Amino acid sequence: MPLTLITVRSQVHRGVRGDVAEVKGRLPQIEANVSEIMQVVWCVCNNCRDMPTDVECKCCGQQPEACISILPHMAAYILQEGHLRLASRIWNDVRGLDDLPNRGESSKQLRHAAYRNRVVIPSCVVWRIRDCFPDLLGHYTGYIPGRVQ
């Protein structure tokens, strides 16, 4: 078969499709490797994730089996939706604010109630809260230094 521009394009196209299929087949392995690479060097507990600012790059400092984010107290007191709703209502009552009526804001209210005291919270705890009360668009405020609520 003579080598024409159409034949070359066809071979290149088949090659690209083959490469794409090979990459898709190896995607789980690639994701696992990326996850290992993304492990943050400042984390001791192995549950932290990278944070947008240096001040937020804080670990609980515990060994993996004693990480604050996986302790029963975290689930019992910090991640209980009923406790967080009560805390949010009390806080808003003290500040003279209304609770947000929009159901789409519910997770946002719960996240803010879970880390209300606005000190830098370990990354593992922040991400446990975000995993329990996610923002559908993945937009999070993060730590705001000097802000008093």
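1. The model is predicted: local features need pLDDT of at least 70, side-chain atom pairs count only at pLDDT 80 or more, and totals for chains, interfaces and linings use all residues. Residues are numbered from 1 along each chain as its sequence is written, and side-chain values use heavy atoms, without hydrogens and water.

2. The largest nonpolar core has 19 residues. A core here joins buried Ala, Val, Leu, Ile, Met, Phe, Trp, Tyr and Cys residues through side-chain atoms within 4.5 Å. Cys45, Cys48 and Cys124 touch the most other members. Helix 6 (residues 123-132) gives the largest share, five residues. Helices are DSSP runs (H or I, at least four residues), numbered from the N terminus.

3. Cys45 touches Cys59, Cys60, Gln62, Gln63, Pro64, Cys67 and Cys124, leaving aside residues up to four places away in sequence. Contact means heavy atoms within 4.5 Å.

4. The whole structure holds one aromatic pair. Rings of Phe, Tyr and Trp (its six-membered ring) pair with centres within 6.5 Å; planes over 60 degrees apart count as edge-to-face. Trp127 lies in helix 6 and Tyr140 in the segment after helix 6, 13 residues apart.

5. Trp127 is buried at 18% relative accessible area; Tyr140, at 25%, is partly exposed. Buried means under 20%, exposed over 50%, partly exposed in between (1.4 Å probe, protein chains only).

6. Leu86 lies in helix 4 (residues 81-95). Leu86 is exposed, with a relative accessible area of 52%.

Terms used
Helix = DSSP H or I, 4+ residues; strand = E, 2+ residues; numbered from the N terminus. Phe/Tyr/Trp six-rings, centres within 6.5 Å; stacked < 30°, edge-to-face > 60°.
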